[in-house]
Amino acid sequence: MTQITLRNVTIVLAAGAFATIAFDAFGKGLAPLFGYAKLAPVGLASSTLKSVFGASPKGAADLLHAITGLVFYAVGYFAIARPIQLAILPRLPWVVTAAAYGVALWVFALYIMAHLVAGMPAFLGWTGITWVALWGHIVYALVAAAIMEAKGAVLVPRTNDTNAAAMA
């Protein structure tokens, strides 16, 4: 199994940072520039904080959005999505895994967090923002995964080496 090293932690955090920039650039800049809805991830984070804690102090929603993109979503690909895929379908290209992970992030954000936690309509009522959010989360996952894959920050699942050694 690949070790979790300072190098890998640095790569995962850098991947999360660049992916968050890509997500925000796409959702807040490019999508509206081309006539689509504008994402408001900080608004969702604020609603979530109000729902969970009863208040959303100034700046807390921005911090939650940043930490989620920088750390949590990036770690999810590194420690959960990619290792599960490697264990089940090791020959599947990482791009497919990343795209599927982006869809999973979208479901998490727009159904679990927005709907179940913050009380908004499921998938924000299937409006234009729903689809921009879908593509935004896929962009996020592809950027994060591309950086991790290019730099070799892949958490490979443990294999049963003891059985292989015993059979030799």
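What follows is a set of questions and answers on a predicted model of one protein chain.

Student: How many helices and how many strands does the protein chain have?

Tutor: The model is predicted. Read along the sequence, the chain follows the pattern α-α-α-α-α-α. The secondary structure comes to zero strands and six helices.

Student: What percentage of the residues in the protein chain is buried?

Tutor: A residue is buried when its relative accessible area is under 20%. The C-alpha atoms fill a box of roughly 60 × 35 × 30 Å along the principal axes. Of the 168 residues in the chain, the buried share is 37%.

Student: Among contacts between residues at least 6 apart in sequence, what percentage joins residues at least 24 apart?

Tutor: A contact means heavy atoms within 4.5 Å. Of the contacts between residues at least 6 apart in sequence, those joining residues at least 24 apart make up 70%.

Student: Which element gives the largest share of the largest nonpolar core?

Tutor: The largest nonpolar core has 30 residues, and those with the most contacts inside it are Y77, Y101, Y140 and M148. The elements giving two or more residues to this core are α1 (6-33), α3, α4 (94-117) and α5 (128-150). The largest share is nine residues, and it comes from α5.

Student: Leaving aside neighbours within four places in sequence, which residues are in contact with Y101?

Tutor: Y101 is among the residues with the most contacts inside the largest nonpolar core. Y101 is also one of the α4 residues that make the contact with α5. With neighbours within four places left aside, Y101 is in contact with F72, Y73, G76, Y77, A81 and A141.

Student: How many nonpolar, polar and charged residues does the contact of α4 with α5 have?

Tutor: α4 passes α5 in a right-handed crossing. The residues in contact include W94, W106 and L110 of α4, and W131, H137 and E149 of α5. By class, the contact has one charged, three polar and 19 nonpolar residues.

Student: How are α2 and α3 placed, roughly perpendicular or roughly parallel to each other?

Tutor: Helix α2 (residues 41-53) and helix α3 (residues 60-88) pack at an angle of about 110°, with axes 8 Å apart. Angles from 65 to 115 degrees count as roughly perpendicular. The two helices are therefore, to each other, roughly perpendicular.

Student: Is S46 buried or exposed?

Tutor: S46 is in helix α2 and is one of the residues there that meet α3. Not counting residues up to four places away, S46 touches S56 and A61. Its relative accessible area is 17%, and the cut-off for burial is under 20%, so S46 is buried.

Student: Where does F123 lie, and what is its phi near?

Tutor: Most residues other than glycine have a negative phi. F123, which is not glycine, has a positive value. F123 lies in the loop between α4 and α5, and its phi is near 50°.

Key
Residues numbered from 1 in each chain as written. Predicted model: local features only at pLDDT ≥ 70, side-chain atom pairs only at ≥ 80, totals over all residues. Heavy atoms only, no water. Axes fitted to C-alpha atoms, helices over the stretch in contact; angles between N-to-C directions. Helix = DSSP H or I, 4+ residues; strand = E, 2+ residues; numbered from the N terminus. Parallel < 35°, antiparallel > 145°, perpendicular 65-115°, else oblique. Core = buried A, V, L, I, M, F, W, Y, C linked by side-chain atoms within 4.5 Å. Buried < 20%, exposed > 50% of the residue type's maximum accessible area, 1.4 Å probe, protein only. Left-handed = near helix turned anticlockwise from the far one by under 90°. Nonpolar A, V, L, I, M, F, W, Y, C, P; charged D, E, K, R; others polar.
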